[in-house]
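Good morning, and thank you for making the time.

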Amino acid sequence: MNGFDLAIALFLLGNLIVALLVAARGPTSADRMLMALLFGSTGTGILVLLAQAMHIPALVDVALVLALLAAIGGVAFAKRAWQGDGHD
Amino acid sequence: MTELIMPWISGALLIVGAFFYAAGTLGLLRFPDVYSRLHALAKADNLGLGFVLLGLALQAESVAAGLKLLLIWPLALAASAGVSYAIARRADRLGVKPWRKGSP
Amino acid sequence: MSLVFDLLLAAALLWSGGRCLSVDRLDRAIVLFIAFGLLMALAWARLAAPDIGLAEAAIGAGLTGALLLDAYGVVKRRKA
């Protein structure tokens, strides 16, 4: 089953890279931040899959921390950094 | 019997999760305004991660490891809901108009 | 398949790092920095170093990203 887990992880990584390439030229700052949040959730999925495929259970903890701190970044963006419309 | 069909169920759940991730990414790239993009992001966050975690929990060696995997999901749900609320409220406060049919 | 995964990860790391340094707008650079931190955490995970990956995910992608966003907001408010 390991090869299959790694295949799914590879698919998610491809997903993430497509989003990254487009996010670099996204229209508004909110869209780019949503991309960062998507990276957080996709990265959590990839880490959990890697933990299973590589037999390193500690990677689940890394996934847990990533899921939490992506949310902190999103809230910091909404509360502090985002002001004015899409031109900044 | 259980050992025979469990990998298939787990693999199917993983594929469904990957599909939701792809759908969320596609929606984030194609949807017209911030609110609908938040909707797409929530699909990837909640359903994609949920199905992947469920599929992996079926493969876990012990019950404790499986439950730990499943415990990530409520955390991600709460975080995603909080962030979506904060961003949507901020967008509304800044005067971002929701997209309507026919508007560019 | 793991070779493809590693090569893709390395290419994305190099691209996001270079782009983060060369992009002209501050907010784009911050988002690219967060993406870079996340990819770095994945790279540490691939190198079988979950402890460094944990630190990178917590400090690099999470806290530094939030602090940079906060600082960006302060700078913009002062300029306005």
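Let us start with B:Lys68, which forms a salt bridge with A:Asp61, the closest N and O atoms lying 2.7 Å apart. Please bear in mind throughout that this is a predicted model. The pair crosses between chains: A:Asp61 belongs to helix α3 (residues 59-81) of chain A, and B:Lys68 to helix α3 (residues 63-93) of chain B.

How many salt bridges does the rule find across the interface of chain A and chain B? It finds one. The structure holds five salt bridges over all chains.

The contact draws 38 residues from chain A and 35 residues from chain B. In chain A, the residues that lose the most area to chain B are A:Leu34, A:Gln52 and A:Trp82, together 19% of what that side buries. Between them, chain A and chain B bury about 3300 Å², with 77% of it on carbon and sulfur atoms.

Next, the other partner of chain A. Here 41 residues of chain A are in contact with 37 residues of chain C. About 3400 Å² is buried between these two chains, and carbon and sulfur atoms give 79% of that area. The rule finds two salt bridges across the interface of chain A and chain C. A:Arg32 and C:Asp27 meet through their side chains in a salt bridge, at 3.0 Å from N to O.

Which chains share the most contacts? Of the two pairs of chains in contact, it is chains A and C. Chain B and chain C, by contrast, do not touch, and their nearest C-alpha atoms are 13 Å apart.

Finally, let us look within chain C. Helix α1 (residues 2-22) and helix α2 (residues 26-46) of chain C pack at an angle of about 150°, their axes 9 Å apart. The two helices are therefore roughly antiparallel to each other. α1(C) passes α2(C) in a left-handed crossing. On the α1(C) side, the residues that meet α2(C) include C:Phe5, C:Leu9, C:Leu13 and C:Trp15. Among their counterparts in α2(C) are C:Leu32, C:Phe33, C:Phe36 and C:Met40. By class, this contact has 14 nonpolar, three polar and three charged residues.

To close, I return to the arrangement of the chains: chain B and chain C do not touch, whereas chain A is in contact with chain C and also with chain B. Thank you for your attention.

Methods:
Residues numbered from 1 in each chain as written. Chains lettered and ligands numbered in written order. Predicted model: local features only at pLDDT ≥ 70, side-chain atom pairs only at ≥ 80, totals over all residues. Heavy atoms only, no water. Axes fitted to C-alpha atoms, helices over the stretch in contact; angles between N-to-C directions. Helix = DSSP H or I, 4+ residues; strand = E, 2+ residues; numbered from the N terminus. Parallel < 35°, antiparallel > 145°, perpendicular 65-115°, else oblique. Left-handed = near helix turned anticlockwise from the far one by under 90°. Contact = heavy atoms within 4.5 Å. Nonpolar A, V, L, I, M, F, W, Y, C, P; charged D, E, K, R; others polar. Buried area = accessible area lost by both parts, 1.4 Å probe. Salt bridge = Lys/Arg side-chain N within 4 Å of Asp/Glu carboxyl O.
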